[in-house]
Amino acid sequence: MTANRVPTIISDLCEITSSKRIYAADYQSAGIPFYRGKEISEKQSGKSGVSTELFISVEKYEEIKKRFGVPRGGDLLLTSVGTLGVPYVVRPNETFYFKDGNLTWFRNLKGIDSRFLYYWLLSPTGKAELKKCTIGSSQPAFTIVLLKGMTVDLPSEPLQRRIAAILSTYDDLIDNNTRRIKILEEMARRIYEEWFVQFRFPGHKNVKMVESELGLIPDSWEVKKLGSLIKRLRAGNTYRENDVTSEGDVMVVDQSTTEYLGFHNNQPDHQASPEKPIIIFGDHTCKLQVMVTPFSIGANTVPFIANDETSIYYLHNLIKGLVTTQEYKRHWTELNNKTVIKAPSKFCNQYDEIVKPFFATMDVLRSKKRNLRRTRDLLLPKLISGEIDVSNFPEPVSD
C-alpha cells in the first residue's frame, strides 16, 4: 500500500450502474442527443464536433430524468463494449442520455473526486484493474458486477483534487492549442472557399464567366484531372506506432527520417483516426507536417505531393474537398481521374502566401501539444501512484 493511501473498493465510493433501456422506436431525428461509446470517445478526445446520429424526444428525456435520473455534471461514463476503458467526466449543464450496455455510469460520488477517478482509470494501475473486469473475446466488455469490485489506493480528497488539477491543467492547455489550430484551419478554409469555390477572388468583378464541363467558371481558369496536379511518392513502407506522434485528430511522422509520409496500422477498416491512421499529406522538403489531414487518402501507404507547378496549400484544400469515400487505398486511379477546376497560378500562389503563416503557427501549436502530452503522460502514473510529492509541484503555464 502506498503511504497515506487507503485501499478502497470503488463501489463504496459511488454508485455504478447503467441507463434505462431505450428502444429503436424511441429514436428521433432531433431532440436530446443519445450517445453510445463512439460519441463519448469523441467527446473524451476533445473533438469539437461529436457525430451525434441518434436523439430521443424531450418528453422521453424528462420522463427518465424524473423517474431514474440522468447524467449530471461530475458524473463519469466509461465505454464498456468494444472500445473499452475510455472515461468521460460529464460537464456542468450537459444534456444527453446514453445507451445501456455501451456505457457504464459512475454517479453519486462520495469521497472520490470525479477528475481523480478519470485519471486513475487512464493510469497503468486503473487499466490493470479494468482488465480484471473484462469478459468475452470476440466482443470484449466490462460487467458492472466486476467493475464494482475494483480497488483504488485512495489519497485524501484534497490530495485527489490537487493531483487532478495538475493533470487537468495540461489537458486544458492541450485543448486550448487544439482550438487555436481549428480556428486557423477554419480561416484558411474560408478564404479558399471564398476564392476558389464561390469565385470571389481578388478582381473577380472584372473577370467574365465562361461555360465549362463543370459549369460556369472564370475566364482563364481550367478544368483538369487531379492527376495532373500531383505526383506520387514511393510505395512500400508501412509506418507503425513507433514512427508517429499522435496529434489528437491526426498522426505526424518524424519527417527528419523519412521521404514519404504514408502510414496505416493494418486495421481492416481504413477510416482514418488517431487509432487507425492511414495517410499523411504533405511534402517533407517543405516540412509540411502541418498539412496532415484526418481523412484517409492514399494507395497502400502511397502518399502524394504537389507537382512542381502546384501550390501546396491550395492543393491541400482542393483535395480535402474531394474526399468522399472512407479511404483511397485501392482507389488511386479514381482519385487521379477526378475532374477539378484549376485556378491560375497567380491566385494559387497569392492564397499560399496568405495562409502560409497560419500553417506555420499550427506547426508550432502542434509541437507544443506534443510536448504537453508527453509531459502529462509521464506525470500521470507517478502522480496517481503517489511517487511524486505534489505539495509544491509547479503547474504548466501557457505562453
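The model is predicted, so local features need pLDDT of at least 70 and side-chain atom pairs count only at pLDDT 80 or more, while totals for chains, interfaces and linings use all residues. Residues are numbered from 1 along each chain as its sequence is written, and side-chain values use heavy atoms, with hydrogens and water left out.

Q: Why is N317 called buried?
A: Buried means under 20% relative accessible area, exposed over 50% and partly exposed in between, with a 1.4 Å probe and protein chains only. N317 has a relative accessible area of 10%, and is therefore buried.

Q: What makes the pairing of the N317 and Y351 side chains a polar contact?
A: A polar contact is a pair of N or O atoms within 3.5 Å; within protein, one must be able to donate a hydrogen and the other to accept it, and residues adjacent in sequence count only if both atoms are side-chain atoms. The two side chains are joined at 2.9 Å. The N317 side chain also reaches the backbone oxygen of Y313, at 3.2 Å.

Q: Which residues does N317 touch, leaving aside those up to four places away in sequence?
A: Contact means heavy atoms within 4.5 Å. On that basis N317 touches R189, Y192 and Y351.

Q: What span does helix 9 reach, and what is expected?
A: The expected span is 1.5 Å times one less than the number of residues. Helix 9 has 41 residues and reaches 58 Å from first C-alpha to last, close to the expected 60 Å.

Technical notes:
Helices (H or I, at least four residues) and strands (E, at least two) are DSSP runs, numbered from the N terminus.
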